[in-house]
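Here is a short briefing to read alongside the model. Have the sequence and the 3D view open, and let's start with one loop before moving on to the helices.

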Amino acid sequence: KLIFVYNFYFFEKVFLVMGFLEFGAALSIAKEENFDLSNFTISSTTYLKLALDLFSKVQEWIADPTKCGGQSTSGSSTRLADLMCEGVLAVQVYFSYFIFIF
């Protein structure tokens with residue numbers, strides 16, 4: 001049960017990072033296309049900062065799962081799901097910079 005709770009909590013944050021990046025990118029594109037964004041109080045760069053902060057947390061949790069309620073692992077063991085999440089998020093963060101900066 002503990003592993004399930006850890007996985008749910010962990011993967012929930014992974015999807016939240018992806019959501020922050022996508023929504024921030026959409027706001028950035030909408031701003032360039034001159035859409036009315038007066039109803040949005042948070043800027044696209046704030047969403048990028050939120051995503052990067054949470055991505056850093058996810059990396060910490062992968063390194064030490066006990067920080068978010070997971071079981072400790074030996075230094076030599078890795079979990080494929082953790083590596084895949086970190087890789088996918090790293091790629092998405094990298095490509096999101098092109099949307100936010102250019």
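Asn 34 sits in the loop between α1 and α2, where helices (H or I, at least four residues) and strands (E, at least two) are DSSP runs numbered from the N terminus. This is a predicted model, in which local features need pLDDT of at least 70 and side-chain atom pairs count only at pLDDT 80 or more, while totals for chains, interfaces and linings use all residues. Residues are numbered from 1 along each chain as its sequence is written, and side-chain values use heavy atoms, with hydrogens and water left out.

**The loop residue**
- Phi of Asn 34 is near 65°, a positive value in a residue other than glycine.
- Most residues other than glycine have a negative phi.
- With a relative accessibility of 68%, Asn 34 counts as exposed; the classes are buried for under 20% relative accessible area, exposed for over 50%, and partly exposed in between (1.4 Å probe, protein chains only).

**Overall fold**
- The protein has three helices and zero strands, and along the sequence its pattern reads α-α-α.
- Of the 102 residues in the protein, 30% are buried.

**Helix α2**
- Helix α2 covers residues 44-63, and its 20 residues should span 28 Å at 1.5 Å a residue; the end C-alpha atoms are 29 Å apart, which agrees. The expected span is 1.5 Å times one less than the number of residues.
- Which residues of α2 are buried? They are Ser 44, Tyr 47, Leu 48, Ala 51, Leu 54, Phe 55, Val 58, Trp 61 and Ile 62.
- Seen down the axis of α2, these buried residues fall within an arc of 140°, so they line one face of the helix; the arc is that of the directions from the helix axis to the C-beta atoms.
- On the other side of α2, the exposed residues are Thr 45, Lys 49 and Ala 63.

**Salt bridges**
- The count comes to three salt bridges, each being a side-chain nitrogen of Lys or Arg within 4 Å of a carboxyl oxygen of Asp or Glu.
- Lys 49 and Asp 53 are four residues apart, about one turn of the helix, and Asp 53 is partly exposed at 40% relative accessible area.
- Lys 57 and Glu 60 also form a salt bridge, with 4.0 Å between the closest N and O atoms. Lys 57 and Glu 60 both lie in α2, three residues apart; Lys 57 is partly exposed at 39%, and so is Glu 60 at 34%.
- An α-helix has 3.6 residues a turn, so residues three or four places apart point the same way.
- Lys 13, found in helix α1 (residues 2-32), meets Glu 12 in a salt bridge (2.9 Å, N to O). Lys 13 counts as buried at 15% relative accessibility, whereas Glu 12 counts as partly exposed at 34%.

**Nonpolar surface patch**
- Val 91, Tyr 94, Phe 95 and Phe 98 make a nonpolar surface patch of about 410 Å². Patches are made of residues with over 30% relative accessible area and no salt bridge; like charges are joined within 9 Å, and nonpolar side chains (Val, Leu, Ile, Met, Phe, Trp, Tyr) within 5 Å. Accessible areas come from the Shrake-Rupley method with a 1.4 Å probe, and for residues only the protein chains shown count as cover.
- Phe 98 belongs to helix α3 (residues 80-101) and is partly exposed, with a relative accessible area of 38%.
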